[in-house]
Amino acid sequence: MTISKDAVDNLSSSYPRERKSNFYDSNYLAEYYDLWTQSKGDAVDLRSDANVYFSTLKRSLQVHHRGEPYTILDVGTGTGRVLINLSDDAAASDLDVSDVELIGVDKEQTMIDRAQAVHLGTPSFTNFSHVSWVVGEATCLSTLPVLSLKQGQIDLLLFAVGSISHLTSVNEPQRFFAEAATLLRPGSGRAYIPIQSDLICRGSLSEWKLNEDTWAEVRDTDEFVSKLYPGVVYRQFPIHSSTVKEGVKYDKYNFQVVERVGLEERVVENNAIEISLRIWEVDKLLQWAQEAGLVCVEEFKSSHENYFVFRKV
Ligand SMILES: C[S@@+](CC[C@H](N)C(=O)[O-])C[C@H]1O[C@@H](n2cnc3c(N)ncnc32)[C@H](O)[C@@H]1O
């Protein structure tokens, strides 16, 4: 639902102090992420990626030796969207996943909490040998207890919906690739790393320009009704600042959690969101992966993403 700014100003409101947010770091934002992806999924390939990952799993299991473990690691799992889709798709097509273990890792406790809650409402997860949701950083995966004994044993590693672009600090992509190389099963293990096409630069970074036609940015004030918290509405304002500095795109906008009773409203969480996303020079991406011991074996495009598939050298 789109509402006018006047309508917003006319409502009586009170504002708690603004909190800086990265878009994923509150329980409300975790629910909002799901509401947003369900309503805007087309803009960021949220269904076509399910087909990519499910067909990859199906192909891999055709050559997998029954009885041996097969492990999928979903980095930046968020609220578990990709693993939930995989699980439901496997159940719908009667794929035997009894050897398959799923591990979802995310750096935000709030996203993991929501993934765990959604898990309870996803009966198809019982078809897997084990499912775990863990708080952890993409740049130090192998130090996590759940992964410390999995070196060389990850069959499929995902970092879905361009989330690798969140690795904006110096050396973070290199550290993530080093972790992926440590964890992937030699020979058959694959890492699927999609990057939003708009964030890919084939030449030098100074030539990069945003494609305004395809970029799925927050352009309108929008409201989403919470399904979890009675009377709560999420109000998302348009981006008010968008800048690019040293290969990173910074978008800022406000996001309020509003409790409504009739025409009265109270803002209960007042977020100043800043999302920072890396813009990728393909040559550098491939070089960093190679230096970590990974080789790109396949590259393909979907409507909004470029997928890079890596295996261990
Ligand atoms: C765009 S969401 C994607 C969620 C989910 N994979 C999906 O496809 O719907 C990005 C997720 O990556 C997580 N994330 C960002 N940086 C991370 C890092 N360095 N390590 C682990 N997770 C990270 C965020 O907390 C967020 O949940």
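Reply: Happy to. Strands here are DSSP runs of E with at least two residues, numbered from the N terminus. By that naming, Glu265 lies in strand 12, which covers residues 264-278. Please keep in mind that this is a predicted model.

Me: Why is Glu265 called partly exposed?

Reply: A residue counts as buried with 20 or more other C-beta atoms within 10 Å and as exposed with 12 or fewer. Glu265 has 19 such atoms, so it falls in between and is partly exposed.

Me: What makes Gln236 partly exposed?

Reply: The count for Gln236, a residue of strand 9, is 19 C-beta neighbours inside 10 Å, so it is called partly exposed. Its C-alpha atom is separated by 38 Å from that of Asn127, 109 residues away along the chain.

Me: Where is Asn171, and how do you know whether it is buried or exposed?

Reply: Asn171 is in the loop between strand 5 (156-158) and helix 7. It has 11 C-beta neighbours inside 10 Å, and therefore counts as exposed.

Me: What makes Ser98 exposed, and which residues does it touch?

Reply: Ser98 belongs to the loop between helix 4 and strand 3. Its count is 11 other C-beta atoms within 10 Å, so it is exposed. Setting aside neighbours within four places in sequence, Ser98 is in contact with Asn127 and Ser129. Its C-alpha atom is also 8.5 Å from that of Gly67, 31 residues apart in sequence.

Me: How do you know that the span of helix 2 agrees with its length?

Reply: The expected span is 1.5 Å times one less than the number of residues. Helix 2 (residues 27-40) has 14 residues and should therefore span 20 Å; its end C-alpha atoms are 20 Å apart, which agrees. Its buried residues are Tyr28, Leu29, Ala30, Glu31, Tyr32 and Trp36. They pack against several elements, including helix 5 (109-120), strand 9 (232-236) and strand 11 (248-261).

Me: What does the span look like for helix 3?

Reply: Helix 3 (residues 48-63) has 16 residues and reaches 24 Å between its first and last C-alpha atoms, close to the expected 22 Å. Asp49, Val52, Tyr53, Phe54 and Leu57 are buried in helix 3. The buried residues of this helix pack against helix 4, strand 5, strand 6 (190-196) and strand 15 (305-312).

Me: And what is the span of helix 7?

Reply: Helix 7 (residues 172-183) has 12 residues and reaches 17 Å, close to the 16 Å expected. Its buried residues include Phe176, Phe177, Ala180 and Leu183.

Me: What makes a group of residues a nonpolar core?

Reply: The members must be buried residues of the nonpolar kinds that count, joined through C-beta atoms within 7 Å. The largest such core has 52 residues, and Leu157 and Ala180 touch the most other members. Helix 7 gives the largest share of this core, 6 residues. Beyond four places in sequence, Leu157 touches Leu73, Val75, Ala180, Leu183, Leu184 and Ala191. A second, separate core of 13 residues includes Tyr24, Ile112, Val257 and Val258.

Me: Which residues are closest to the ligand?

Reply: The closest are Gly76, Gly78, Arg81, Ala138 and His166, among 19 residues that surround the ligand. The shell divides into 8 nonpolar, 6 polar and 5 charged residues.

Me: Where does UniProt place the methyltransferase domain?

Reply: The unreviewed UniProt entry places "domain: Methyltransferase" at residues 72-187. Over that stretch the chain is 34% helix and 17% strand, with its end C-alpha atoms 15 Å apart.

Methods:
Residues numbered from 1 in each chain as written. Predicted model: local features only at pLDDT ≥ 70, side-chain atom pairs only at ≥ 80, totals over all residues. Near = placed C-beta within 6 Å. Nonpolar A, V, L, I, M, F, W, Y, C, P; charged D, E, K, R; others polar. Helix = DSSP H or I, 4+ residues; strand = E, 2+ residues; numbered from the N terminus. Contact = placed C-beta atoms within 7 Å. UniProt positions renumbered as here; feature names shortened; annotations may be inferred.
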